[in-house]
Amino acid sequence: MKKHKKLSVLASTAICGNDISSSVLYVSALAIAFAGQFAWITLLIVSLVLFLFRKIYGEVVGALPLNGGAYNALLNTTSKSVASFAATLTLLSYMATAVISANEAIHYLHHLIPAIPIIIATIILLGFFGALTIGGVSESAKVAIGIFLFHLGSFVLLSGFILVFLFSNGVSIFLENWSFPTTGGSISNAIFLGFAASMLGVSGFESSANFVEEQEKGVFPKTLKYMWIVVSVINPLTAIFALALFALPILQSDSYQNTLLIEMASHVGGDWLAIVIGIDAFLVLSGAVLTSFVGVTGLLERMALDRILPGFFLKKNSRGSSYRIIIIFLLLTISVLLITNGEVKLLAGVYTISFLSVMALFGIGNILLKVRRARLPRPEKAGWLGIIIAIIAVFIALAGNILMEPIEGVPSNFSVFLEYFIPSIVFIVIMLNRTVLLKFLLKLMHTIFDPFRALVFKIDKNILSVIDEINSQEFVYFTKNDDVETLNKVMLYIQRNEHTKKLKVVTATKNGNPITDQFRNDINVVDREYPKIKIDFIEVDDNFGPKLINRLSAEWGIPINFMFIGSPGDRFPYKVEELGGVRLII
């Protein structure tokens, strides 16, 4: 198998950076919807939390540089069951990210080319990135780099136009927005709900830990640093720009919530800039799909190596890709898309609760690593205060998303999450305990079928006994120096017509019937030719006739009808009737 090249800083950052940086398309608008004019503050708080998690991820992965993220952290500090819980949440997060990102990407493309069928195009997009990942992580990284650089370039271009616009028109709208009533009734409530919503913008930060084995040495902490810089700049800055361009009620309307960046681009640069941002949105959301495929591959490989999942998943192609994992994940995402009938926003609860739970579990894994694996060397350490603050912050965001009132007619985040989490965790529990379940199934089958099996064995034994009894019956053939041809006919007759494995060949030697060497040799030849029939050659010093037959029948316990003689006539001058009904063989 060809050994694939490890990923550089740019490649690794691009793969996971497309996911986290694509959040600029929705998280600023979402933060404004809940926090109003305080949205940029909540996004800066998210940046601070993410800064604390840089140290947490750096310590855990530095001490345990294996794929799997939170799963790997908990596997080495707790048990497979707890680690599998984290893995299930991570898998659900990737599944929701892939489906939502692909669908939203096609919606942006549909905005530019209305004739595109959304569901079919989403399936094609998922299939394209599945095939790209099967082609190898290095090839995937090239595409990810192109998308990432185009996305950053597009944001710089948009920012330049916005700054020019604000320089010409002033920032009066930004100042006026502070006079609007606080969203949520109070500043604290607005910041709380805004922070909870803004934490959606860090999805993808955990992805780098799931494919760390594919990265060159020393790359992982740099990916965390650059992802943190990107999300700390573009998300708060986008919220500030939006508040400076549009009045708060407009920003909180449905149309601006869905396509905020395109509206901003159209406002400051015209239709052509809006088209550029639309293309960028399509590409970067597509890049988030790629992040999901790469991340889930690393996670499930790790689980298969730990025998939680079957070794079936570890089969690789010539490019080093675990193509079976990728194909199964692709089928999973397509099935979810079809089940939801394209209404993928229903998956927001799965996406939100899953990845926030994974971040919290990673922080807990860091604490357990400090306590239980203190001797493991690690390149950096997270402080206790920073870990506790980071975990509490994530739990606050998690609580906010669970308690958040859903839109009318839409189920709550938590109820949708449970619909997907329960079947997934049941499957993982079955995989963890499959040997126990198989033993239970075996015992159940024995309980049900053993009585029948005993009966079958008894019948089988009786039938074999009858067969043995039949085959144990001996036949006697009386002859006088027959040749090989005649002896062969005897054997063929017995083989085809009689149920015996034993034959006595008898010659009466009185009255001038000497046994020749040729005849003895012929007996040996026939014996070798029919190994399944045992032949005993017996010489009797007596005259051949009915008396001899009757005597031997009595001595050997063989009925007369099991005794045969050669051809009558010249050789044997006795009639059949005189021999007591003995059958002729020839």
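A residue counts as buried when its relative accessible area is under 20%, as exposed when that value is over 50%, and as partly exposed in between. I start there since several of the residues I want to show are sorted by that scale. One caution before the details: this is a predicted model.

Take W178. Its relative accessibility is 34%, so W178 counts as partly exposed. F174 has a relative accessible area of 18% and is therefore buried.

The structure holds 16 aromatic pairs. One of them joins F128 and F129, edge-to-face, with 5.1 Å from centre to centre and 80° between the planes. Here too the two partners fall into separate classes: F128 comes out at 46% relative accessibility and so is partly exposed, while F129, at 3%, is buried. Now back to F174 and W178: their ring centres lie 6.2 Å apart and the planes make 75°, so this pair is edge-to-face as well. Ring pairs also build a cluster, made of F53, Y57, F205 and F362.

Next, the helices. Helix α7 covers residues 137-169 and helix α15 covers residues 271-305. The two pack at an angle of about 145°, and their axes are 9 Å apart. The crossing of α7 and α15 is left-handed. Which residues of α7 meet α15? Among them are V137, A144, I147, F150, L157 and F161. On the α15 side the contact includes W272, L273, V276, I277, L283, L290 and V294. By class, the residues of this contact divide into 16 nonpolar, four polar and one charged. D280 in α15 takes part, and Asp is a residue type that counts as charged.

Last, the strands. Is strand β2, residues 502-508, mostly buried or exposed? Six of its seven residues are buried, so β2 is largely enclosed by the rest of the structure. Strand β2 has a pairing with β1, residues 474-478, which is parallel and runs over five bridges. In that pairing F475 stands opposite L503 of β2. Strand β2 also pairs with β3, residues 534-540, again in the parallel sense, over seven bridges. There V506 stands opposite I538 of β3.

That is what I have for today.

Methods: Residues numbered from 1 in each chain as written. Predicted model: local features only at pLDDT ≥ 70, side-chain atom pairs only at ≥ 80, totals over all residues. Heavy atoms only, no water. Axes fitted to C-alpha atoms, helices over the stretch in contact; angles between N-to-C directions. Helix = DSSP H or I, 4+ residues; strand = E, 2+ residues; numbered from the N terminus. Left-handed = near helix turned anticlockwise from the far one by under 90°. Contact = heavy atoms within 4.5 Å. Buried < 20%, exposed > 50% of the residue type's maximum accessible area, 1.4 Å probe, protein only. Pairing = 2+ DSSP bridges. Phe/Tyr/Trp six-rings, centres within 6.5 Å; stacked < 30°, edge-to-face > 60°.
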